[in-house]
Each structure stands twice: as structure tokens, then as C-alpha cells.
Amino acid sequence: FEFTRAVTRKPGASIIDGLRAQDIGTPNLETMLQHHADYVATLRETGARVIELPALLDFPDAVFVEDTALCLPQGAILMRPGAETRRGEVVQMAPTLRAQYDEVLEISGPGFIEGGDILTTEREILVGRSARTDAAGIAELTELVAPWGHAVREVHTPEGVLHFKTDCSLLDAETILATQRLAATGCFDGYRVINTAPGEEAAANTIRFNQFVLMPAGFPKTAATLRAAGYDVREIGNSECAKLDGGMSCLSLRF
Ligand code: CIR
């Protein structure tokens, strides 16, 4: 959770066409831009360098850069999104990562995998199978990261949940914030787990970025729990990204 760099991409007018499981309203670009600026400023406040890429109007979900790659200390791996409309975002991200890393590998298929299904902890890489990430994608990732000394463990994303990390996030070397429905599967046995408050499941997607935990605003019970546990919590507006099933982790690549 200690990072010197992050990559983000500005939301553009086409976000109104972004993918969503359920239509709960059209995202407002102005509001999303404000939230996004607040997010980027908070990352920068930690001293990290944030590379902000321009909006990509041809790809309505391109603001959710996390799904395009997995960034590890040894190198980056370009993903192969299960969502067909998102596959082209990877090519758009590649040059930025090639400029930052000596080694950039890629998932070439036939499997699929999206960054939102991957939780990297100090000891392993957890990958949730989901509607976007399949066994073949996970198998290819496992092979690619083995020479770098990383072990991959396949887990399951709960039914009806977009990505594994929609329901969890890493808070520190051994602590994970998770919804009860995900923690109940036992996938975090051996870690310390803090549960989101009942009714605040959407607070589970946070990021620990250097000294801060960035979490979506509007989940006071979970925020209070995290503060009581000693975390320096920053609440960022997420109302517009939430309409597209997006949250704190989706908005950046961190390394
Ligand atoms: C999608 O359905 O792909 C986007 N609307 C949301 C992606 C969220 N990304 C993430 O959780 N890493």
C-alpha cells in the first residue's frame, strides 16, 4: 500500500453510456469531474506522482483505469477485460505503462481478466472469478507472475457483484475491509478482517494509498469503524461513479 505513482484518466462526456448492472440514474459529468479532481488531489497530497490521462470518448468506462492492468513492483501486466466494450482501453493504457516500467507483459487470451477482480496483498494475489474474469484468464496471470515470485489464489466474487474488489479492499499488510457476504466465504482466513457496517456494503471498495484510506463518502458507520481502528480516512464523493458500479479502486492504477 506504499506507492510513489498512480495513473488516472479524466471522465469524459461519454460516461453517460458507461456499463451498469442496474440503471439507477444517469451520471452527471460536472459532479463526476469534481469528485475525480478531489480523488486525484488526495492521491497527490501523499507526495505521490499522479499521471492524469485525458478522457477517451470512444470508451465510456475508460475512467475506471484499474481494470486495464495489474501493476506490481517487478512489472505491469496488461489485462484482457471480459467486457467487450472495454477491451480497447488496454491498448490506450499500454504506452503509459511501458514508459513507467521496464517490463510490461500481457494477457493474450483466450481467457479474460479485469483488474477489479484482483487484490494484491503482501503475501499473495487473490483473483475472484466473476462475470468478467474466467479460469483461463486467471491461469494465464498465474503463469506470468510466477517468475516474479508471486503466488495467485483463485477465489470467488459473490453472485451479482461486479468485481471481487467491489466487496473488499486491503487496509494494511494483514488487514482487509470486506462485506460480510464476502468474508463469510472464508477467502480471507488468516487475515484480520474488518467488516463494512450492515447496509453499507458499498463502502467496501476503498484504497489504502500511503497514509490515507480513500473511501466513498456517505458511509458514516464504516468510516467511524476505520477511524477507530487508527486509519486516516479521507471521504471522497462517489455518487456518479456508483451509478456505473465504480468506486475508489477502479479510478487508479497504483505502483
Ligand atoms: C464496468 O461495468 O466495467 C464499469 N461500469 C465499472 C468498472 C468498475 N471497475 C472496478 O471495479 N475496478
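Student: Where does P110 lie in this predicted model?

Tutor: In this predicted model, P110 sits in the loop that runs between β5 (104-106) and β6 (118-120).

Student: What makes the peptide bond that joins G109 and P110 a cis one?

Tutor: Omega is about 15 degrees for the bond between G109 and P110, and the bond is cis. Most peptide bonds are trans.

Student: Which phi does N210 have, positive or negative?

Tutor: Positive, about 55 degrees, although N210 is not a glycine. Most residues other than glycine have a negative phi. N210 belongs to the loop between β12 (207-209) and β13 (212-216).

Student: Why is N210 called buried?

Tutor: Buried means under 20% relative accessible area. N210 has 11%, so N210 is buried.

Student: What does the side chain of N238 reach?

Tutor: It reaches the backbone oxygen of G246, at 3.1 Å. Setting aside neighbours within four places in sequence, N238 is in contact with H35, P216, G246, G247 and M248.

Student: Which residues of α1 are buried?

Tutor: In α1, the buried residues are M32, H35, H36, Y39, V40, T42 and L43. They cover an arc of only 160 degrees around the axis, so they are on the same side of α1. The face turned away from that buried side carries the exposed residues E30 and Q34.

Student: How do you know that the span of helix α1 agrees with what it should be?

Tutor: Helix α1 (residues 29-45) has 17 residues, which at 1.5 Å a residue should span 24 Å. The expected span takes one less than the number of residues. The end C-alpha atoms of α1 are 24 Å apart, so the two values agree.

Student: What is found at the start of α1, and what follows α1?

Tutor: At the start, a side-chain oxygen of N28 comes to within 3.1 Å of the backbone nitrogen of E30. G47 follows α1, with a positive phi near 100 degrees.

Key: Residues are numbered from 1 along each chain as its sequence is written. This is a predicted model: local features need pLDDT of at least 70, side-chain atom pairs count only at pLDDT 80 or more; totals for chains, interfaces and linings use all residues. Side-chain values use heavy atoms; hydrogens and water are left out. A polar contact is a pair of N or O atoms within 3.5 Å; within protein, one must be able to donate a hydrogen and the other to accept it, and residues adjacent in sequence count only if both atoms are side-chain atoms. Contact means heavy atoms within 4.5 Å. Helices (H or I, at least four residues) and strands (E, at least two) are DSSP runs, numbered from the N terminus. Buried means under 20% relative accessible area, exposed over 50%, partly exposed in between (1.4 Å probe, protein chains only). The arc is that of the directions from the helix axis to the C-beta atoms.
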